[in-house]
Amino acid sequence: FMRLARFRRDRTLAHVVPLVAFMLVGGGLTAITGSLDGLFRDHVYLSWWRRFPEHWIYPVQTLVAGGLLALWWRHYELRWEPRKLLFGALLGIVGIGVWILPTQLYDWWEMKEAEPGGWKQALGILPRREGFDPDIFESPAGWWAATIFRMLRAVIVVSLVEELLWRSFLMRFLLNPDGDYWAKPFGVASWKSYLVVTTLVVLIHGPADWAAAFVWGSLMYGCAVWTRSLGACVVMHAVANFLLGWYALSFGKYGLW
């Protein structure tokens, strides 16, 4: 019990572990299912959980990371200041507009190549049709369960775990790695923290999203610096991910999420 109490009191773990656990659970389960080719593969006669393991891996990720967030909730500085939250929401709309623009250009330009190559592919001008598709479920209950868990994962869990690590912890840590970095207020700007944090945000995404992720990461860094509000950053991320999910479902762009 003493160890658990110390574990819960550790502010750094509270900000770092949820995202690390989220990535380890997702990456680990994906690697395991990928290595068991005889059990998990896309074959029309197999059950959905064997054909499309992402539909149960994502809920597991959501529950594990959500449980860790609940465990450490008292450490998070989520100040709900209406004007700053509104500013974050507006930046989220702008940021996700930039993110979906390349694949929308693919449709507007009526391109036929699945892999156009060159600068177009580097900018993410791709169809983005293959990905998380809840239409694999024939029953409405299955469709809604998959979609709700996917939205919970993207809108709530991802928004929190990423902003807690990138903006609330890492921006501070880079300012004073050998001292009391928690003494630094949220949102202090420096070129070092901007370049490191934004580069890491870009690299955790696939190459097709690198250009958009750079713009997104820059806007999010700006939100942290301009508002000095972790809550505004979380709202920006949540609004953007909700709109991305809506767009993916509405236009069949399942590769975006």
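Is R172 buried or exposed? In this predicted model, R172 is buried, because its relative accessible area is 3%, and a residue counts as buried when that value is under 20%.

View 1. The side chain of R172 reaches the backbone oxygen of S168, at 2.9 Å. If neighbours within four places in sequence are left aside, the residues in contact with R172 are R11, E77, R167, Y181, W182, K184, P185 and F186.

**View 2. D133 in the loop between α6 and α7.** Here D133 has its place in the loop that lies between α6 (118-122) and α7 (140-175). A polar atom of the D133 side chain lies 2.9 Å from the backbone nitrogen of D135, and, with neighbours within four places in sequence left aside, D133 is in contact with H55 and Y254. For D133 and L24, the separation is 109 residues in sequence, while in space they are 23 Å apart, C-alpha to C-alpha.

**View 3. Helix α5 and its kink at L101.** Helix α5 takes in residues 82-108, which is 27 residues, and it reaches 37 Å from its first C-alpha to its last, close to the expected 39 Å. Within α5, a kink of about 40 degrees lies at L101, shortly before the proline P102. After α5 comes E110, whose phi is positive, near 55 degrees.

How values were computed:
Residues numbered from 1 in each chain as written. Predicted model: local features only at pLDDT ≥ 70, side-chain atom pairs only at ≥ 80, totals over all residues. Heavy atoms only, no water. Helix = DSSP H or I, 4+ residues; strand = E, 2+ residues; numbered from the N terminus. Expected span 1.5 Å × (residues − 1). Bend = angle between axes of the 7 residues up to and from the residue. Contact = heavy atoms within 4.5 Å. Polar contact = N/O pair within 3.5 Å; in protein donor to acceptor, adjacent residues only side chain to side chain. Buried < 20%, exposed > 50% of the residue type's maximum accessible area, 1.4 Å probe, protein only.
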